Amino acid sequence: MDSLQLLWQTTGIAAMSWGQLAMIGVGFLLLYLAIAKKFEPLLLVPIGFGAVLANIPLAGFTEPGGLLYYIYAAGIDTGVFPLLIFMGVGALTDFGPLIANPKMLLLGGAAQMGIFVTLFGAIALNVIPGLDFSLADASAIAIIGGADGPTAIFLASRLAPDLLGAIAVAAYSYMALVPIIQPPIMRLLTTEQERQVKMEQLRPVSRREKLMFPLAVLLLTLLLLPSATPLVGMFCLGNLMRESGVVERLTKTTQNDLINTVTIFLGLAVGSKLSAEHFLSYETLGILALGAIAFAIGTASGVLMAKLMAKFSHSPINPLIGAAGVSAVPMAARVVNKVGQQANPQNYLLMHAMGPNVAGVLGSAVAAGILLALVG
Amino acid sequence: MDSLQLLWQTTGIAAMSWGQLAMIGVGFLLLYLAIAKKFEPLLLVPIGFGAVLANIPLAGFTEPGGLLYYIYAAGIDTGVFPLLIFMGVGALTDFGPLIANPKMLLLGGAAQMGIFVTLFGAIALNVIPGLDFSLADASAIAIIGGADGPTAIFLASRLAPDLLGAIAVAAYSYMALVPIIQPPIMRLLTTEQERQVKMEQLRPVSRREKLMFPLAVLLLTLLLLPSATPLVGMFCLGNLMRESGVVERLTKTTQNDLINTVTIFLGLAVGSKLSAEHFLSYETLGILALGAIAFAIGTASGVLMAKLMAKFSHSPINPLIGAAGVSAVPMAARVVNKVGQQANPQNYLLMHAMGPNVAGVLGSAVAAGILLALVG
Amino acid sequence: MDSLQLLWQTTGIAAMSWGQLAMIGVGFLLLYLAIAKKFEPLLLVPIGFGAVLANIPLAGFTEPGGLLYYIYAAGIDTGVFPLLIFMGVGALTDFGPLIANPKMLLLGGAAQMGIFVTLFGAIALNVIPGLDFSLADASAIAIIGGADGPTAIFLASRLAPDLLGAIAVAAYSYMALVPIIQPPIMRLLTTEQERQVKMEQLRPVSRREKLMFPLAVLLLTLLLLPSATPLVGMFCLGNLMRESGVVERLTKTTQNDLINTVTIFLGLAVGSKLSAEHFLSYETLGILALGAIAFAIGTASGVLMAKLMAKFSHSPINPLIGAAGVSAVPMAARVVNKVGQQANPQNYLLMHAMGPNVAGVLGSAVAAGILLALVG
Amino acid sequence: MVSNSEVVKVSQLLAQAAELMLIGMSSVLLFLLLLIAAMKLLKTLFPYFPDQPQRPTASAIPSRAMIAAVTAAVHQHHHAVTKEQSHD
Amino acid sequence: MVSNSEVVKVSQLLAQAAELMLIGMSSVLLFLLLLIAAMKLLKTLFPYFPDQPQRPTASAIPSRAMIAAVTAAVHQHHHAVTKEQSHD
Amino acid sequence: MVSNSEVVKVSQLLAQAAELMLIGMSSVLLFLLLLIAAMKLLKTLFPYFPDQPQRPTASAIPSRAMIAAVTAAVHQHHHAVTKEQSHD
Ligand code: NA
Ligand code: NA
Ligand code: NA
């Protein structure tokens, strides 16, 4: 009988707390969104699954000796996983459209306004009883507005590890929701006529320029903002391997099996931070609200900057492409293309939006470096 | 002359003990079986090679600073390697035949009888002087009857690390010997007529069912047997990635380079436990004997359960398929097919045997969870 | 204003030392050589990039918490990375040409003379004030003459970690410079007539011989020189997987994604040792000078040994192939072929030079084992 | 010779092992029976329709790699077009 | 109720956040403006020539894999030749 | 100036280095001579039979490197041929 009782005590039903049950529900919800709704499935499948595993009572996934404990310690505590993802993304990114039209960098910069306004907003939320965000917390939350998963995870692991789960989930969720969040804002801030603007074909870019670009970015970053070099540097390494053309073996592995492997582990480790104690709190609600605001402001800032640039540019600029400056590659660029075609079915903005889109990745990595330098 | 003498002292001939020599012989034997006899070569090549390396005097492979020491510490001590293998196996497994005929799960359950009888037998062996197996040791030994390598390694690393080498070698060796061990037992327990029984074609399975299956297994496991969720959970993650169809990049890496890399390291680490002091003992003989018994009882239980089910089933059941319930995927299912065709050349049992075969993987992972909960 | 000042203090311009600036320049120089001059790009791209990252002030890449710190600790301190590379190289190596003509091993042995003469030379350099190489330092430097990157990195990580950066850079640089360093020496030591010698077609090699070869090498090494078994053993494992033909999944991963991933990390970790304090010293100049001497002596010894063998051989031997004995696979063999064709356009020496070439890899791994046994 | 205390110890262990055997085997079978029930439910909830569309899968993954490839393709096309035009 | 000291603390934090916002946003834009300048320079230094040769890349990497493959290919050729000769 | 004690130290080191050189080089050569003997043995034990079935392995190993190299080689050959033909 002893064993029978012991056996009952070792069931999940007997040992589960309400909080764990709720978080397992959140995990399954993320899996549903990833699989049925195709919300950023590459990340949300492992994150959702990790959330389920982390909240199983008695299984010890997140305690020393447990799988998720080791993965988190090896890859997130150290910051290694997001940096390797960044290297992979660098190897997958074609900077051609941005090099052809460097002004697009300003759109990728303007859209980072979402980050800094949100930082202010997070501190302001402290007037609500129960919320008590430090400057470090606020910075980590604000980076959601960068619309870039690895950047958000890297900064959160450095500044606010306890909030990492909520921040990563918010970042990837809103990235998946870009087709829903952005179009109303884009339409509100532009006229039908502006949305119909066709842009001039991009100039061809020489192989040498593409090769020099990551080196120039690296050089500028190390001279001006060394705290951004982990993210920006690894991104540049991936891109340099790609454009150098002399290490194709390495580039192929970086673009495929290396980034895939790390993505699975990164997702599981992020999911492991979705424990009841850290996630089921008012802070999470605050983070979700602030994240939505950050995306909205980033989108608006990008569009407004594009309108401003259109005023002073001698070649036509469709202000919609400013929305792609938030990053969320390549979703935001696709949304720009779609909204553009709704105004003018002959208007192909995809390539023009890729410039601000990859500029947004650089912009938020630079913003993360500034936050690390000033707050970290 | 000092250097010459030093040089002589640093040769393997001068420094080698008889035990090391014997274990290097065991390592070469495993390599021979793997390469010439094609006994589970994916595991036995690295295990055999690891055994050779681990027993080289003065090379320090298994001491701090040595390669095998680090691989073992990183992957087996932590339990990470067998769990990653399980994820990969999940991504490679098609549960279709099992979902089409869920009763087959009972065959995968019955065949686990081999595990529990062997547990009893291991304790009974303690009457022999020189053998002194604890309940934890006995449980780790018994899991050999699960006929699943990663499950055996995971449980042994948790319950009896000193016996891990012998247990893993026994598990993989008997899995390779399935075509020799099983047929006589299968023929003994069935009539020619029974072996000739043709089974009805399996019903088609919807994509949704395949997608829901790993989620249902995960849910049931976390509710009832959380201690089995490391193994079962990672298996379900691999299978969910496969069946979700939204993360093919990740699935492909999981099925190929990730599982291949981990297989090499897992094998080397297991081989590193084949040191003279741990392997050359009466306990190893006991483990080998018990392992053979476990396989035989598991096979017999599966066949007998299939005969019982055939009595009560309205669709015909060929009792041979019960033998596939031990797991040893896909060897046991192939053996079933072959023995079936010897009785009736028109009889294709392979797909019908795949159901109990993958059920056996689940069954032994569940059994491992129970042993961890009650003994661990 | 505080923040502004803080911001300025956090720029790289404000914080950079002259040494760091110089080393960043060295990093960019290595990138230039790798990309524009195709000097061993697979290694020099990550090494050069790692050198740049390691010398960025305030970025902390090589301090606890930094990416390069973790990569170095995980892969070089432990010796794991060079050993995995060796496994991959083993899986990529075809020993057929060597097995067909075993005498070629002597050329791979003679070329190691460069190592041992350089060891003596490094100690002799101690008469120069400011240089103070221990026997361990001298041994690590001398291995540059082995013309094999992973061997040099492995030995340096064991005997002289502080010199690792300079040693690895020297090794890979001279390997890339083989087409410039070797031909003059080869022409100096041979007559036009000797260079025109055509060699007999190699005998066919059975599959079994190829399979037995790595096992024989392993056995001989563990009996005679166990301290060489980490390098030689992993090389043999890779080659055994390749030739066994029963683990093609594993071989393919070893030859591709595993070696590629490790190459990136190995390069970055080596680059992280190119810090101003360790690299900008007279010792580095000494190392570079000694490395060049080692290559030259190794080449000369190989050619002279080939001339000696030609005297006593009944089948004709072109002494040029001795130069391939330094290893530097496959560059040295190609150089032999090219110099041979300059003397006689109908002379195809590539296959004949592959024998000494792979023998050189074994030879330097054996030499490294001897140095580890006697000095380590 | 086996001492008395050892006999006691072994028989205690054997009793535990017997209990483990019973409970373990029953638990495995119980678990699998519940899983069978769950699978019957799944079959009812997600029936098979012969004409169900094949997995759309791959095309649905909006990966950066794909956009990169598309970008490159568009570029090349673009260049090709440019060149052709310059022939006129 | 929010205490006085907390109001002070929050307003101090708000001031810091405002400063961060200003400095941060300016730094991002400044950085990107400098990058634009750098890119204009790059364009001048490395202009695009319509007929520039396509990347030679892959074929130029002298990897061990390739030599191994070539070795194998030569061997096979060699065997084929040997066999053909033996037919005569 | 180099002190006396240092001269002694360096000459001791040089003696050790000389010894290392001798022993090391002899050991390498000895090892390789033994390996040559082992290989002669292998050749006797596992002779090559002209009609032995071609490696099921190698030819069956569709390594990416090999296929890539062969593809490249074929391509180059093909281009060369095409060019030559275009001269006619
Ligand atoms: Na961004
Ligand atoms: Na089983
Ligand atoms: Na060498």
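This is a predicted model: local features need pLDDT of at least 70, side-chain atom pairs count only at pLDDT 80 or more; totals for chains, interfaces and linings use all residues.
The site joins distant parts of chain B: Gly146(B) sits in the loop between α10 (135–142) and α11 (149–159), while Gly360(B) belongs to helix α20 (residues 350–375), 214 residues apart. Helices are DSSP runs of H or I with at least four residues, and strands are runs of E with at least two, numbered from the N terminus.

Gly146(B) is buried, at 1% relative accessibility, and Gly360(B) is buried at 0%. Buried means under 20% relative accessible area, exposed over 50%, and partly exposed in between, with a 1.4 Å probe and protein chains only.

Residues are numbered from 1 along each chain as its sequence is written, chains are lettered from A and ligands numbered from 1 in the order in which they are written, and side-chain values use heavy atoms, without hydrogens or water.

Let me turn to confidence. The model scores ipTM 0.88 and pTM 0.90. For chain D the mean pLDDT is 66, with 50% of its residues at 70 or more; pLDDT is the predictor's confidence in each residue, from 0 to 100.

I come next to charged pairs. Side chains of opposite charge can pair when their charged atoms come close. Over all chains, the structure holds 18 salt bridges, each a side-chain nitrogen of Lys or Arg within 4 Å of a carboxyl oxygen of Asp or Glu. One of them joins Arg203(A) to Glu209(A), with the closest N and O atoms 2.6 Å apart. Arg203(A) is partly exposed at 21%, whereas Glu209(A) is buried at 1%.

In chain B, Glu192(B) and Arg195(B) meet in a salt bridge of 3.1 Å, N to O. What separates these two residues in helix α13? They are about one helical turn apart, because they lie three residues apart in that helix (residues 192–196). Glu192(B) is partly exposed at 40%, and Arg195(B) is buried at 10%.
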